[in-house]
Amino acid sequence: MPMVADLAVLFGRGLIALLFLAGAVQKTVDPEPAMLLLADRGLPPGLIWPALLFNAVAGISLLAGWAVRPVSVLLALYCMGTSGFHFIPSDPWQMSIFVKNWAIAGGCLVLAAQGPGRYVLGRAG
């Protein structure tokens, strides 16, 4: 793979990772909105904690380039599943988030197919 492509994979991995790491931070700092969203859908609000842990571990894994293929598949499934929380056709903002979740899932599937690229923490280039 040419160096430019490896840098693109690294940068893309980093951007996707930052999204999930920011989600983990957001859930840590202010868990109440996500807990209310879960409760409104009839789910246990405590599901916020495994979601927070998954977001953090998956984000770190993508940043480091570790287990990128399986983590990316899991992230794609996570995005597809959580998109249901935003499927509110009467609310354009929520529909935008719904579509973005599917787009992120697509990016994760491309990353799952592509793999981590050359730049992986703990492995010589």
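This is a predicted model: local features need pLDDT of at least 70, side-chain atom pairs count only at pLDDT 80 or more; totals for chains, interfaces and linings use all residues.

Visitor: How many helices and strands does the protein chain have?

Guide: Helices (H or I, at least four residues) and strands (E, at least two) are DSSP runs, numbered from the N terminus. Here the protein chain has 5 helices and 0 strands, in the order α-α-α-α-α from the N terminus on. Its C-alpha trace spans about 45 × 25 × 20 Å along the principal axes.

Visitor: What share of contacts joins residues at least 24 apart?

Guide: A contact means heavy atoms within 4.5 Å. Of the contacts in the protein chain between residues at least 6 apart in sequence, 65% join residues at least 24 apart.

Visitor: What share of the residues is buried?

Guide: Buried means under 20% relative accessible area, exposed over 50%, and partly exposed in between (1.4 Å probe, protein chains only). In this protein chain of 125 residues, 37% are buried.

Visitor: Which residues have the most contacts inside the largest nonpolar core?

Guide: A nonpolar core is a set of buried Ala, Val, Leu, Ile, Met, Phe, Trp, Tyr and Cys residues joined through side-chain atoms within 4.5 Å. The largest one has 14 residues, and Ile16, Phe20, Leu62, Val71, Leu75, Cys108 and Leu111 have the most contacts inside it. At least two residues come from each of α1 (3–29), α3, α4 and α5 (92–114), with α4 giving the most, 5 residues. Leaving aside residues up to four places away in sequence, Cys108 touches Ile16, Phe20, Ser72, Leu75 and Ala76.

Visitor: How many aromatic pairs are there?

Guide: A pair of aromatic rings is described by the distance of the centres and the angle of the planes. Rings of Phe, Tyr and Trp (its six-membered ring) pair if their centres lie within 6.5 Å; planes under 30 degrees apart count as stacked, over 60 as edge-to-face and the rest as tilted. The structure holds 3 such pairs. One of them, between Phe54 and Tyr78, is tilted, at 5.3 Å centre to centre and 50° between the planes. Phe54 belongs to helix α3 (residues 48–64) and Tyr78 to helix α4 (residues 68–83), so the pair ties together parts 24 residues apart in sequence. Together with Phe20, these two residues form one aromatic cluster. Phe54 is partly exposed, at 24% relative accessible area.

Visitor: What of the surface?

Guide: Accessible areas come from the Shrake-Rupley method with a 1.4 Å probe; for residues, only the protein chains shown count as cover. The accessible surface of the protein chain is about 7200 Å², of which 77% belongs to carbon and sulfur atoms.

Visitor: Where does alanine 67 lie?

Guide: Alanine 67 is in the loop between α3 and α4. Its phi is near 50°, a positive value in a residue other than glycine, and alanine 67 is partly exposed, with a relative accessible area of 47%.

Visitor: Is alanine 103 buried or exposed?

Guide: Alanine 103, in helix α5, counts as exposed at 53% relative accessibility. Alanine 103 and methionine 80 are 23 residues apart in sequence and 9.4 Å apart in space, C-alpha to C-alpha.

Conventions. Residues are numbered from 1 along each chain as its sequence is written. Side-chain values use heavy atoms; hydrogens and water are left out.
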